[in-house]
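Here is a friendly briefing to read alongside the model. Have the viewer open, and follow the topics one at a time.

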Amino acid sequence: MAVASDSILARSLITERATKFGYKNEAFGAKVVPCGAIGNGGKVKGMVRVEVKASVQIGGLEEVKKAKGELIFDVVSEGELREKGFLGMRKTKLVCTIGPACCSLEDLEKLALGGMNVARLNMCHNTRDWHRDVIKKIKRLNEEKGFCVSVMIDTEGSQIHVLDHGAPSTVKVEEGSIWLFTAQKFEGSRPFTVQASYEGFSEGIEVGDVLVIDGGMASFEVIEKVGNDLHCQCIDSGLFLPRAKFSFWRDGKLVARNSELPTLSKKDWADIEFGVTEGVDFIALSFVNDADSVGQLKNYLYMRSSRSTRVLAKVESLESLQKLEEIVKASDGIMVARGDLGVEIPYEQIPTVQEEITHICRELNKPVIVASQLLESMVEYPTPTRAEVADVSEVVRQYADALMLSGESAIGPYGQKALSVLQMASSRMELWSQEENRRSILHQRQLGVSLPDRIAEQICNCAVEIANNLGVDAIFVYTKHGQMASLLSRNRPYPPIFAFTTDNGTRMALNLQWGVIPLLVDLSDDMEANISRTIDLIRTKGMLKTGDTVLVVSDLAPTHINSTAYQSVQVKTVV
């Protein structure tokens, strides 16, 4: 099998990168020495030579050894490619919260087959043994069945606004019913009695205040206060989920709470240590109010683990909106927790705030998950409302990286159906809006500071424009840490992005990036050999044919100090 090179559009000679990005005047951690320039007509008159700063060990060697030279392809993406072709592949990623309704090996496999890219474990619920068992099952499915499902844990946070009615599932609250809200600890459930997670939950609360469940699922008026206990009458009937969030309102304004509590509690640190030990891929940090807590956790993870665990900040408070950009810059990604956010800001502001967060994340090249109440009716019913489908489609149209199911999959009996609704709605909207999106090019904010980083950024911007204009079938990117794959995703190209990496941590992290299909494969310093070999491996699987064209991008650094590799863009035609 031969591969013809149609054009080499740009090349920059780079050698080894250091262990982290972000160094000024460095290309992926290596110091730059200019020795040429691009001349008229885009022809390369010289190259950017990169002085070796440090050598690093290629991560994921165990996985590469297991691969034995084979290409590790997610079976779901492979099946989708065979069925729909390159341009028909779904690009929006899907996150499912795992709970009692879907924690068996059989149910997890069905969710993986249905398109689950990331499994979320909410540390508010269940025991660590339960979470450990779920993580083992997911890793077993990845290893034995060929899935590529990443694992995320979601910290509880220093929250004082959690209520539990003790029942294992949703309870219906009737208007006019009287309920006792107490911090008294007891096992099981009691009629019309709700247990608060924080002893001082009623401090500063007055008779006449309104207690709102999960941003409006049900509402109560405080009619009597006895000690720390509150007697409340339901004024808006609705659904009451286990361990529901709550807030207090007075004269139409939110009653300020828990402002002095730290972002990370002692339990959170224990849960984080558990996650590191179990090798999770993402940690979602709850109740982030500034960038400091994100930086604190990232520093801890860097010192604690050799594995690259990504930190996602949850935007769910008024304070987080006020410091949004600094939080986005500090984090590895954002989760828009619309349920909790809707408690703190007027609900009519949620659509515009969601769009603003999504846009800022894309500008700053950070993946964004839109979560909470996407298909809330499917917690109880087998079909969604048409308004919910429209909401999901709007999130996809805004180019969010991922959609997330919460109670729909964790406790609802129709979790697999809910996942299929996300899958179908996102796929349809991606195809339908492709022509519209030709006219909505992102006005890119420059991210790179050093010349090599700016070169990489411009290469990816131009590469996507070229891929779209030429109508190539796919984009191939060869990457160690996933930076160029992420920059390509930021531009939301029409063809899918196949990211080849030797590092399994990078592979699992890219699972959250829009349009990226991460593949684990052994790579050498010879880029032409890597390209020919990977194209050959995919063609052997019957997924590439003669005449298909792929645009190739690389940021792969060599494994040996004296070796060189090229940062380049090429268009290859399979012949």
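Let's begin with two helices: H3 and H13 are roughly parallel to each other, because their axes cross at roughly 10 degrees and angles under 35 degrees count as roughly parallel. Please keep in mind that this is a predicted model.

**The H3–H13 pair**
- Helix H3 covers residues 105-113 and helix H13 covers residues 415-432, and their axes come within 10 Å.
- On the H3 side, the contact is made by Asp 107, Lys 110 and Leu 111.
- Their counterparts in H13 are Gly 415, Gln 416 and Leu 419.

**The barrel**
- A barrel is closed by 8 strands, taken in the order S5-S6-S7-S18-S19-S20-S21-S22, with parallel pairing.
- On average, neighbouring strands of this sheet are turned by 25 degrees against each other, direction ignored.
- Strand S5 (residues 93-97) pairs with strand S22 (residues 402-405) through 4 bridges, in the parallel sense.
- Within that pairing, Leu 94 stands opposite Leu 403 of S22.
- Helix H13 returns here: it lies across S5 and S22, and runs at about 160 degrees to S22.

- How much of strand S19 (residues 310-315) is buried? The count is 6 of the 6 residues, so the strand is largely enclosed by the rest of the structure.
- In a regular strand, side chains alternate between the two faces of the sheet.
- In S19, Arg 310, Leu 312 and Lys 314 point one way, while Val 311, Ala 313 and Val 315 point the other way.
- Both sets are buried, and that includes the charged residues Arg 310 and Lys 314.
- Strand S18 (residues 282-285) runs parallel to S19 and is joined to it by 4 bridges; in this pairing, Ile 283 has Val 311 as its bridge partner.
- Strand S20 (residues 333-337) also runs parallel to S19, again with 4 bridges; here Lys 314 is partnered by Met 335.

**Nonpolar cores**
- The largest nonpolar core holds 66 residues, and the members that touch the most others are Ile 98, Ile 334, Ile 357 and Leu 375.
- Which helix gives the most to this core? That is H13, with 6 residues.
- Leaving out residues up to four places away in sequence, Leu 375 touches several partners, including Pro 384, Val 392, Leu 405, Ala 418, Val 421 and Leu 422.
- Glu 388 and Glu 408 are also among the residues that Leu 375 touches.
- Another core, of 25 residues, lies apart from the largest one; Ile 531, Ile 535, Leu 544 and Leu 556 are among its members.

**Two single residues**
- Ser 393 sits in helix H11 (residues 386-397).
- Is Ser 393 buried or exposed? Its relative accessible area is 13%, so Ser 393 counts as buried, the cut-off being under 20%.
- Beyond its neighbours within four places in sequence, Ser 393 is in contact with Ala 425 and Met 429.
- His 359 belongs to helix H10 (residues 350-363), and its 40% relative accessibility makes it partly exposed.
- His 359 and Ala 400 are 41 residues apart in sequence, with 8.4 Å between their C-alpha atoms.

Methods. Residues are numbered from 1 along each chain as its sequence is written. This is a predicted model: local features need pLDDT of at least 70, side-chain atom pairs count only at pLDDT 80 or more; totals for chains, interfaces and linings use all residues. Side-chain values use heavy atoms; hydrogens and water are left out. Axes are lines fitted to C-alpha atoms, for helices over the stretch in contact, and angles run from 0 to 180 degrees between N-to-C directions. Angles under 35 degrees count as roughly parallel, over 145 as roughly antiparallel, 65 to 115 as roughly perpendicular and the rest as oblique. Contact means heavy atoms within 4.5 Å. Buried means under 20% relative accessible area, exposed over 50%, partly exposed in between (1.4 Å probe, protein chains only). Two strands pair if DSSP finds at least two bridges between them. A nonpolar core is a set of buried Ala, Val, Leu, Ile, Met, Phe, Trp, Tyr and Cys residues joined through side-chain atoms within 4.5 Å.
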